[in-house]
Amino acid sequence: MTPEECLRALRSSPFFEGLATAAIERATSKMVTRQHPPDQVILLENDWGTSVYFVLQGWVKIRTYNLEGKEVTLNILGKGEMFGEMAPLDQIPRSTDVITLTEATIATIPAADFVYLLETEPKAGIHLARSMGKRLRQLNRRLRMRESDSTARVVDILLFLTESQGRVTPEGVIVPCLPHRELSSLTGLARETVTRVLGKLEKQDLIRRDDEREVFCIKDLVALENLL
């Protein structure tokens, strides 16, 4: 991405929607963008929050570890979504790691500029609250789904990807094809189980995997939702 494309992508993020042009220009005046390869750590737990990050291209995951030391994926973020916004607000170290899933372009703005924007633009605070509320609802839903069968849990993650990054096309809703190990971590299922469920959904003609574009095409969204 060129610097101009990066700036346009950042300003088209839902967080900046409807904000005053002058406020956006001030908040993004010190923006820095970097390209990251897959599996690169962007943030580490216990880092101090000196910046806020926006995904311009690619995917990142938010991860932590349970008491047994097993990695737990808390969320997957894609284009237009932000992370690292909580540490500057409560002024305590970060509570999770963030690592790239794919090659990604990440924009960084200073935490002080982010906080100033929240203090001076009421809409920015509303957008932040909506983003946090959406993530909380998604997390609560996934926790409830942990008691469901394997098909429902995989379907729930596909719908989660549809909600956050789905793109409607004539052939259906296009969502990214995440690695099965990440789907396994999100659902709490064995990777082999995830693979088996995805295969079953393909045989039922509900989804189609496109390896060339690395996406899933959800061919019948209503039928998929009905499986829940």
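Is E171 buried, partly exposed or exposed? At 35% relative accessibility, E171 counts as partly exposed. The cut-offs are under 20% relative accessible area for buried and over 50% for exposed, with partly exposed in between (1.4 Å probe, protein chains only). The areas come from the Shrake-Rupley method with a 1.4 Å probe, and for residues only the protein chains shown count as cover.

The model is predicted: local features need pLDDT of at least 70, side-chain atom pairs count only at pLDDT 80 or more, and totals for chains, interfaces and linings use all residues. Residues are numbered from 1 along each chain as its sequence is written, and side-chain values use heavy atoms, with hydrogens and water left out.

Start with the charged pairs. Side chains of opposite charge can pair when their charged atoms come close. A salt bridge here is a side-chain nitrogen of Lys or Arg within 4 Å of a carboxyl oxygen of Asp or Glu. The whole structure holds eight salt bridges. One of them joins E182 and K61, at 3.0 Å from N to O. E182 sits in helix α7 (residues 180–187) and K61 in strand β4 (residues 60–65), so this bridge ties together parts that are 121 residues apart in sequence. Helices (H or I, at least four residues) and strands (E, at least two) are DSSP runs, numbered from the N terminus. E182 counts as buried, at 3% relative accessibility. K61 is buried too, at 7%.

E171 has its own bridge. Its side chain meets that of R208 at 2.5 Å, N to O. R208 lies in strand β11, while E171 lies in the loop between β9 (167–169) and β10 (172–176). The two are 37 residues apart. R208 is partly exposed, with a relative accessible area of 31%.

K219 lies in the loop between β12 (215–218) and α9 (221–226), and D205 in the loop between α8 and β11, so the pair ties together parts that are 14 residues apart in sequence. K219 is partly exposed at 37%. D205 is partly exposed at 43%. Shared partners also join D39, K61, R181 and E182 into one salt-bridge network.

Two of these aspartates deserve a look at the backbone. D39 has a phi near 65°, a positive value in a residue other than glycine. D39 lies in the loop between β1 (32–36) and β2 (41–43). D205 also has a positive phi, of about 65°, and is not a glycine. Its loop runs between α8 (191–203) and β11 (207–210).

Now turn to the rings. Rings of Phe, Tyr and Trp (its six-membered ring) pair if their centres lie within 6.5 Å; planes under 30 degrees apart count as stacked, over 60 as edge-to-face and the rest as tilted. The structure holds five aromatic pairs. F15 and F54 form a tilted one, with 6.0 Å centre to centre and 45° between the planes. F15 lies in the loop between α1 (3–11) and α2 (21–28) and F54 in strand β3 (residues 51–57), so the pair ties together parts that are 39 residues apart in sequence. Both residues are buried. F16 and F54 have ring centres 5.4 Å apart and planes at 35°, so this pair is tilted. F16 is in the loop between α1 and α2, 38 residues from F54. F16 is buried. Ring pairs link F15, F16, F54 and F114 into a cluster.

Next comes α2. Its residues A23, I24, A27 and T28 are buried. They cover an arc of only 120° around the axis, which puts them on the same side of α2. The arc is that of the directions from the helix axis to the C-beta atoms. An α-helix has 3.6 residues a turn, so residues three or four places apart point the same way. The face turned away from the buried side carries the exposed residues T21 and A22.

Finish at the surface. M86, L89 and M132 form a nonpolar patch there, with about 230 Å² of accessible area together. Patch members have over 30% relative accessible area and no salt bridge; like charges are joined within 9 Å, nonpolar side chains (Val, Leu, Ile, Met, Phe, Trp, Tyr) within 5 Å. M132 is in helix α5 (residues 122–145). M132 is partly exposed, at 34%.
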